[in-house]
Amino acid sequence: MKKTMKHNRWVLVLLGLLMLPLTAMADNDKVIETEQLPAAARTTLSKYFRGKDVALVTMDTEVFGKSYEVVFADGDKIEFNKKGEWKEIKCKTSSVPANLVPTKIMYQIKKRYPTQKIIGIETGKEGYEVKLSSGLEIKFNRKFQVVEID
């Protein structure tokens, strides 16, 4: 029994040492220039955020790839995946550009909440999460059906 516990302790120590470089890599933000963003991200910025002053652009080197974040001078933020596709948009002073919101989601929001602005949107494996100016958060699945309202 003592031998097994001693063995298990060494296995845990070795696993911890192996995981250390991965966790160090997982939070590796580096300040970059806008021109260093993937082409798709630069296109999104020039098309939908033209005229907004960029305060900071960072590249996060993750275990399985890279992601990028652009912070505007007014506090709005947009995150991109390694391909330059937006993952999340948060607006403090404006609303998410309507053309970046999937048409079926925009239709439902305009129909059900006509006075609300979309101030945040996030996409993931399960679907989308939309935040409205009232603070309401609505989750949509990949078929654009509402699955949760918070």
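1. Basis. The model is predicted, so local features need pLDDT of at least 70 and side-chain atom pairs count only at pLDDT 80 or more, while totals for chains, interfaces and linings use all residues. Residues are numbered from 1 along each chain as its sequence is written, and side-chain values use heavy atoms, with hydrogens and water left out.

2. Overall fold. The chain holds three helices and nine strands. Helices (H or I, at least four residues) and strands (E, at least two) are DSSP runs, numbered from the N terminus. Along the sequence the pattern reads α-β-α-β-β-β-β-α-β-β-β-β. Of the 150 residues in the chain, 29% are buried; buried means under 20% relative accessible area, exposed over 50%, and partly exposed in between (1.4 Å probe, protein chains only). Among contacts between residues at least 6 apart in sequence, 35% join residues at least 24 apart, where contact means heavy atoms within 4.5 Å.

3. Strand β4 (residues 77-80) pairs with β5 in the antiparallel sense over four bridges; two strands pair if DSSP finds at least two bridges between them. F80 has W86 as its bridge partner in β5. The two strands form a hairpin with five residues between them, and G84 in the turn has a positive phi of about 95°. On to β6, β5 is joined by three bridges, again antiparallel. Here K90 stands opposite G120 in β6.

4. β7, β8 and β9. Strand β7 (residues 127-132) and strand β8 (residues 137-141) run antiparallel and are joined by five bridges. V130 has I138 as its bridge partner in β8, and I138 in turn has I149 as its partner in β9. Three bridges join β8 to strand β9 (residues 146-149), also antiparallel. The β7-β8 hairpin has four residues between its strands, with G135 in the turn at a positive phi of about 100°. The β8-β9 hairpin also has four residues between its strands.

5. A backbone angle to inspect. F144 lies in the loop between β8 and β9. Its phi is near 65°, a positive value in a residue other than glycine.

6. N141. This residue is found in strand β8. Is N141 buried or exposed? N141 counts as buried because its relative accessibility is 18%. The N141 side chain makes a polar contact with the side chain of Q145 at 2.8 Å. A polar contact is a pair of N or O atoms within 3.5 Å; within protein, one must be able to donate a hydrogen and the other to accept it, and residues adjacent in sequence count only if both atoms are side-chain atoms. Leaving aside neighbours within four places in sequence, N141 is in contact with E126, G127 and V147.

7. D76. The residue sits in the loop between β3 (65-72) and β4. D76 counts as buried because its relative accessibility is 1%. Its side chain reaches the backbone nitrogen of K92 at 2.6 Å and makes a polar contact with the side chain of S94 at 2.8 Å. Not counting residues up to four places away in sequence, D76 touches K52, V70, V71, K90, C91, K92, T93 and S94.

8. D60. Strand β2 (residues 54-62) contains D60, which counts as buried at 15% relative accessibility. D60 and D29 are 31 residues apart in sequence and 4.4 Å apart in space, C-alpha to C-alpha.

9. Nonpolar core. A nonpolar core is a set of buried Ala, Val, Leu, Ile, Met, Phe, Trp, Tyr and Cys residues joined through side-chain atoms within 4.5 Å. The largest has 28 residues, of which I78 and I89 touch the most other members. Not counting residues up to four places away in sequence, I89 touches F49, K77, I78, V96, L100, I119, G120 and I121.

10. Largest pocket. About 230 Å³ of space lies in this pocket. The elements giving two or more residues to its lining are β5 (86-90), β6 (118-123) and β7, and β6 gives the most, with four. The lining has 15 residues, of which E88, I89, K90, G120 and K131 lie nearest the centre. On a 1 Å grid over the protein atoms alone, a pocket is an open set of points where a 1.4 Å probe fits, with protein on both sides within 12 Å along at least five of seven lines; lining residues have an atom within 4 Å of a point. Grid points are joined across faces, edges and corners, and a volume is the space filled by probe spheres set on the points.
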